[in-house]
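I opened this model to look up a few features and note them in turn.

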Amino acid sequence: MGTNGNEEVTSLYSLSCRDRRFSKHIHDNVHGNIYLDPVLLMIKVFLEMTFCLLLMQFFLQFVDTEQFQRLRELKQLGLTHMVYPGAVHSRFEHSLGVYWLAGEAVYTVQGHQGSEINIERNDIRTVKLAGLLHDVGHGPFSHLFEREFLPRVLNGSEWSHEDMSVKMIDYIVDAHHIEIDAAILNNVKEMVLASSANASQNTVNEKRFLYDIVANGRNGIDVDKFDYIVRDSRACGLGCNFQFQRLLETMRVMGDEICYRAKDYLTVHKLFATRADLHRTVYTHAKVKAIELMVVDALTLAHGELSISASIQEPAKFWKLDDSILRQIETSDKQELKKARDLVLRIRRRDLYQFCNEFAVPKDKQEHFKDITPQDIVCSQKNGDTPLNEEDISVSIVKIDLTRGRSNPLESIKFFQDYESDYKFPMRDERISHLLPAFCQDMIVRVYSKKPELVGAVSKAFENYQLKTYGMKAQVHDTPEKKKRRV
């Protein structure tokens, strides 16, 4: 059975697009050389298939814009570099990495399954562009901006960087007069939103597996995680035993979803376990959270003067907001910013909010857990204790899971025995190993004193709260006496 014209076009597109002579390359410290491909347009003439290669730097049209270049000014891990000095990598390089891996993923399944899944050149272009632009609407300081700052100043705001990325993509296309097929543009935006709360419910069923490559809302395995797990681990000087290449090279499309070999079950588990470990040891490190709490307070104090949230619905203004907002506060002479400026200076001088103690919320209490507030701690004081005010205390509730809350994401993943089999099936942990965790979420309550001289009083009130709530001290150990005596 002969191949049709479209398959010939796609095949030549794939080969030509990967010809390095026609590509611009950027050297990346994780993936090596990343090639930004040109768009190659093929035209069929008369009875013979001839191709006119029009070199147009399609992806570079997006990269070489001030909106995309802004990602250089957003540190991938926000304020983590103040604890892990090497963590200064940006969302710019992460976005290039996701672009590259998105291409490798779609080339892999195309190479293995060819016409069986009918991947066309526009599919390749769409998936790679979604990878490139998935974070183009991200706010400053990693996820602190949308998860902690905005809900505080906008009363429970549900703004998300995915929604802003979609708006920013439209803005870039319009502002820079980029010619792009409307269907491709729409699919790119749906792929960016695929794992968010606002994912389209009308996504076409055809080739749904393509929507799982960049941001996987179905089971959480995507090239976004492949990149940041390895990149963040390397930047922080940590080892990383997770090998995404094993999954990337053996993935297979079955029934319009990406499936994995049964023998790679533990590799898939390691993806989620490594991510959870990074959350515990890096992203939510106790001192990193102390700095984040201070930055949220500083931004809140500066918000009235700087109207920081005013641009969050307007891409034309939002792209001008980046991590430099902290430097703007620090160097301002405005009296209105004095309190915010003093907090930033405290961070610079390492006069941080003091971590008092923490406890893990019991498993049976997590489902109906009610957030603990500074007021709860203050109200737990006893007569004769050093008086505290709510303004003296910060509480951080840290949730660490495997991407699906208390559910196991591996239960949503399908596996296959070998490449000779067309049968896909789920697998359960207990059939693989009894050493795998039976619970998929940690919830940790941390309390900080904003003043070093109050660490003892805050720690005591926090212990009283635990005794009142759980009938015991849930914390593992007492706050060190040395820290309590610090003045």
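Before reading any pairing, I noted the rule: two strands pair if DSSP finds at least two bridges between them. The model is a predicted one.

Entry on the sheet. I looked up which residue of β8 stands opposite Phe415, and found Phe425 there. The strands that pair here are β7, residues 415–416, and β8; they run in the antiparallel sense and share two bridges.

Entry on two helices. I looked up how α5 (residues 121–133) lies against α8 (residues 182–193): their axes come within 9 Å and cross at roughly 45°. That angle makes α5 oblique to α8. The crossing of α5 past α8 is right-handed. On the α5 side I listed Asn122, Arg125, Thr126, Val127, Leu129 and Ala130, which meet Ile184, Asn187, Val188, Met191 and Val192 of α8. Sorted by class, this contact has seven nonpolar, three polar and one charged residues.

Entry on aromatic rings. How many aromatic pairs does a search of the whole structure find? I got 16. I took one of them, Trp159 with Phe318: the ring centres are 5.4 Å apart and the planes stand at 50°, so I wrote the pair down as tilted. Trp159 is in the loop between α6 (144–153) and α7 (161–175), while Phe318 is in helix α13 (residues 315–318), so the pair ties together parts 159 residues apart in sequence.

Conventions. Residues are numbered from 1 along each chain as its sequence is written. This is a predicted model: local features need pLDDT of at least 70, side-chain atom pairs count only at pLDDT 80 or more; totals for chains, interfaces and linings use all residues. Side-chain values use heavy atoms; hydrogens and water are left out. Helices (H or I, at least four residues) and strands (E, at least two) are DSSP runs, numbered from the N terminus. Axes are lines fitted to C-alpha atoms, for helices over the stretch in contact, and angles run from 0 to 180 degrees between N-to-C directions. Angles under 35 degrees count as roughly parallel, over 145 as roughly antiparallel, 65 to 115 as roughly perpendicular and the rest as oblique. A crossing is left-handed if the near helix is turned anticlockwise from the far one by less than a right angle, and right-handed if clockwise. Contact means heavy atoms within 4.5 Å. Ala, Val, Leu, Ile, Met, Phe, Trp, Tyr, Cys and Pro count as nonpolar, Asp, Glu, Lys and Arg as charged, and the others, Gly among them, as polar. Rings of Phe, Tyr and Trp (its six-membered ring) pair if their centres lie within 6.5 Å; planes under 30 degrees apart count as stacked, over 60 as edge-to-face and the rest as tilted.
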